[in-house]
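Biologist: I am new to this structure and would like to learn how to read it. Could you take me through some features, starting with the general idea each time?

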2 protein chains.
Amino acid sequence: MSTVEKYFELVDQSQQQFIETLREIVGIPSVSSDASRRSDVVRMGEWLQARWEAIGAVCKRVDPGKQMLQGQELDLPPVILGQYGNDPSKKTVLVYGHYDVQPALLEDGWETDPFTLVEKEDKLVGRGSTDDKGPVLGWLLCVETHKQAGIELPVNLKFCWEGMEESGSEGLDAVIVAEADKWFKGTDVVCISDNYWLGTKKPCLTHGLRGVSYFHLQVEGPGADLHSGVFGGTVHEPMVDLVHLLAKLVDNKGRIQVPGIYDQVMPVTEEEERTYEGLEFSHSALSSDLKRDIVIHSDERDTLKHRWRFPTLSIHGVEGAFYSPGDKTVIPARVRGKFSLRTVPNMEPEKVAQLVTRYLEDEFAKLNSKNKMTVIETHAGRWWYSSPDHPNFRAGARATEKVYGVKPDLTREGGSIPVTLTFEENLGVNVLLLPMGAADDGAHSINEKIDKRNFIQGIKLLGAYLHEVAETDMTATA
Amino acid sequence: MSTVEKYFELVDQSQQQFIETLREIVGIPSVSSDASRRSDVVRMGEWLQARWEAIGAVCKRVDPGKQMLQGQELDLPPVILGQYGNDPSKKTVLVYGHYDVQPALLEDGWETDPFTLVEKEDKLVGRGSTDDKGPVLGWLLCVETHKQAGIELPVNLKFCWEGMEESGSEGLDAVIVAEADKWFKGTDVVCISDNYWLGTKKPCLTHGLRGVSYFHLQVEGPGADLHSGVFGGTVHEPMVDLVHLLAKLVDNKGRIQVPGIYDQVMPVTEEEERTYEGLEFSHSALSSDLKRDIVIHSDERDTLKHRWRFPTLSIHGVEGAFYSPGDKTVIPARVRGKFSLRTVPNMEPEKVAQLVTRYLEDEFAKLNSKNKMTVIETHAGRWWYSSPDHPNFRAGARATEKVYGVKPDLTREGGSIPVTLTFEENLGVNVLLLPMGAADDGAHSINEKIDKRNFIQGIKLLGAYLHEVAETDMTATA
């Protein structure tokens, strides 16, 4: 029996104990967006630090500062940095995860108390079970199991646990930048387990994320809101200008109308086409999840391409206009349409902002309105793309095959995990996204769960990955 | 000296006393939309009843039922019906007004406490001073002055004071319908003083109001809000369909795009054109009020026509989409665009709803979307138009000339005063709108005021009008 097989066996034997530990930490309601829960968030960080220190990890607690939340000045929860093992002959893997969770209330529609882990058939239901307490605990249980069984961990492990991920990771970037050449020095590769399989059955590795450029389109008219009875039809109404402009941004089949946007998009290669073969993804499952068949494309591959590797534009809402139930005969004085583009290789955020702004200025000029229009870019996060042929990914793929007996799907994601790019850019090393949970886990939703299988096999997967990394030449180019 | 001149003289002598009485009732914060102020609203109604009864009016307090407000079940404020004089040889004039007011807080931007009447130069500043406590008090002071001076009131006066006008006149229509053949029986004409001059210098009579048809345009997509990172560009987004449809309703010069809407509009006659001559109205004053020149039309008459006698369409807002400050990458699942048309002679609300619905259904079909669209008409109030040649208006015009020395402007209004039509339809008599205040009074705004001149001359005007009605044959056709 190889050491990895022995590790697998120990994991299988410890299943119920692992679930009990998950139950313990799901019971700590570490909701980072709720000021009244801040002490629970800190308690969760301290729980992790104590447990890692108990097996000999060297930890460093970083308190990244203050924040204003719900009218209170609060200390940000600590970032827990740690190192387990310091053998210069071994590779060093940095893992990241977050110990805070989304808010959850029974009255939101949960079937059971969100902060009490419940076993339902093959599911472990509770807030944070999959996002991201399950995976964060997975790394700890993996190392604890090695230590207790006397199996040497084949790599040095560094870790970074944050408590603000569900609230914009406030304070984290500065810590990563500051520690890049200090605490994180010597990192060979990074692994993050904080996303999900494409479907519910087949594991995957994730090698791309889209960026996002968020815009406010502001139209200002009169000095104050007007009564539509008196002023309707006699003045340029900001809301009318706004809907005319918003309607010019994208057609209702998702095609962006801003000239030049598609010129920057990397063409689909034949090699890339092949990665779509055999992916676990179907429109019928998607429509069933959505409760209405509103899928634009007829081919599954097109849907995935528009999720992963083509830019898209969504309209989120309007600030400043009437938004309550009922009727109000107001002409809003100043309105802000909110929309964002998801960006992909090789789009440049600066260029995107320039194209969007110029187009809206041109279209507004055509309206010949006396109102004032302003385009404001409020946020621009870059896309991330990594070659799935990098040795770090090959290590992840072999580990997956060992645990699940199948080659993992190679996926990208439509959303953003900004820390991925922060690590890649500041540490200059490859980052692998190695998900533990499945597509239907309901990370930010009610009745969040992780399947028992994903949790237990996931703990094996993280260990297997570390063993594969140890045996892989990370300097070999793809 | 005629009796009217004697009355005028007495009003002039009582100026400061009248202002003190206005101060007393501005001090009662009768805000109908605030549950915590309901007892003040009732107190204000009771104040009026007591004061009218003190001079011999017969009153009837009608309690029109209950309402839910801010989570509480409350008694609606009373409608105070009254009769002063019952001489079969005299004509009977019914006057209406409201004793409730809009909300007002110092922190909204008032320069002084809103519920303390303050004299600033020639202005009387305070919530309700012009809307509608000044005019309501005007009728009372007019009759009190007659009584105290021993001048016989030349007409029988009926009155109807309500306390819910600023909250949709809840309960009032049922009272009017029920009392049409009872308390209101024998009414020859109605007069309402609850609107404003077109400008600030020249008095007017108002003989037309626009109707309003309010619509919700609902687009439903997925069963729940979606993440734009995952679903942007792959599903039919309700918000994208919505902005495309809203943009089809009206161009940004106020031209309604719904086919057939303008077919129902009464053409402008040469006679009507003449009524626009010499009106006190200028674009420069308008733009200055609006703080930005956003006026569509270059000619003042066109602006007034689009305010008074052409239909218009305004877009008020969106329910269900993201409306807060900041950024949120949501695809809203169900959105409702709110828009309304102002309607004019001879548009039929049923026909308007039919044309709007059919047009939106046609446009939605062109989008070829898999979302579901529904058009909901939430409210339809008819326009009101009265010939300014009716003897009731001629009486109002002569009264105005006696007080102000000028022929009044003949105006219409872009908004609605629904009770006007309710009285006309249920009592079958002519209704005159005889405003006391000026265009810049800021009825629903901060620093609401009535000019001393308008208040004092207004009290004369109401009395002069009653004397003119007494001498006018109301059965003569125009």
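Predicted model: local features only at pLDDT ≥ 70, side-chain atom pairs only at ≥ 80, totals over all residues.

Modeller: Gladly! Let us begin with the surface.

Biologist: Which secondary structure does chain A contain?

Modeller: Chain A has 14 helices and 20 strands. Its radius of gyration is 24 Å, close to the 23 Å from the globule rule for 478 residues, so chain A is as compact as a globular protein of that length. The C-alpha trace spans about 85 × 55 × 45 Å along its principal axes.

Biologist: How should I read contacts along the sequence?

Modeller: Take contacts in chain A between residues at least 6 apart in sequence: 80% of them join residues at least 24 apart.

Biologist: And the charges of chain A: how many Å apart are the mean positions of the positive and negative ones?

Modeller: There are 52 positive and 72 negative charges in chain A, and their mean positions are 2 Å apart.

Biologist: How do I read a helix?

Modeller: An α-helix has 3.6 residues a turn, so residues three or four places apart point the same way. Now look at helix H13 of chain A, residues 418-427. Which of its residues are buried? They are A:Val419, A:Thr420, A:Leu421, A:Thr422, A:Phe423 and A:Leu427. Just after H13(A) comes A:Gly428, with a positive phi of about 65°.

Biologist: Where does UniProt place the feature "binding site"?

Modeller: The unreviewed UniProt entry puts it at A:His98, A:Asp131 and A:Asp194. These residues are spread over 97 residues of sequence, yet they cluster in space, with a largest C-alpha distance of 8.3 Å.

Biologist: Is A:Asp131 buried or exposed?

Modeller: Buried means under 20% relative accessible area. A:Asp131 has a relative accessible area of 4%, so it is buried. A:Asp131 sits in the loop between strand E7 and helix H4 of chain A. Beyond its neighbours within four places in sequence, its contacts include A:His98, A:Asp194, A:Glu166 and A:His444.

Biologist: Could we try a residue of chain B?

Modeller: B:Thr112 lies in the loop between strands E5 and E6 of chain B. With a relative accessible area of 19%, B:Thr112 is buried. Not counting residues up to four places away in sequence, B:Thr112 touches B:Leu106, B:Val118, B:Lys120, B:Val125 and B:Asn447.

Key. Residues numbered from 1 in each chain as written. Chains lettered and ligands numbered in written order. Heavy atoms only, no water. Helix = DSSP H or I, 4+ residues; strand = E, 2+ residues; numbered from the N terminus. Rg over C-alpha atoms; globule rule 2.2 N^0.38 Å. Contact = heavy atoms within 4.5 Å. Lys, Arg positive; Asp, Glu negative; His and termini not counted. Charge placed at Lys NZ, Arg CZ, Asp CG, Glu CD. Buried < 20%, exposed > 50% of the residue type's maximum accessible area, 1.4 Å probe, protein only. UniProt positions renumbered as here; feature names shortened; annotations may be inferred.
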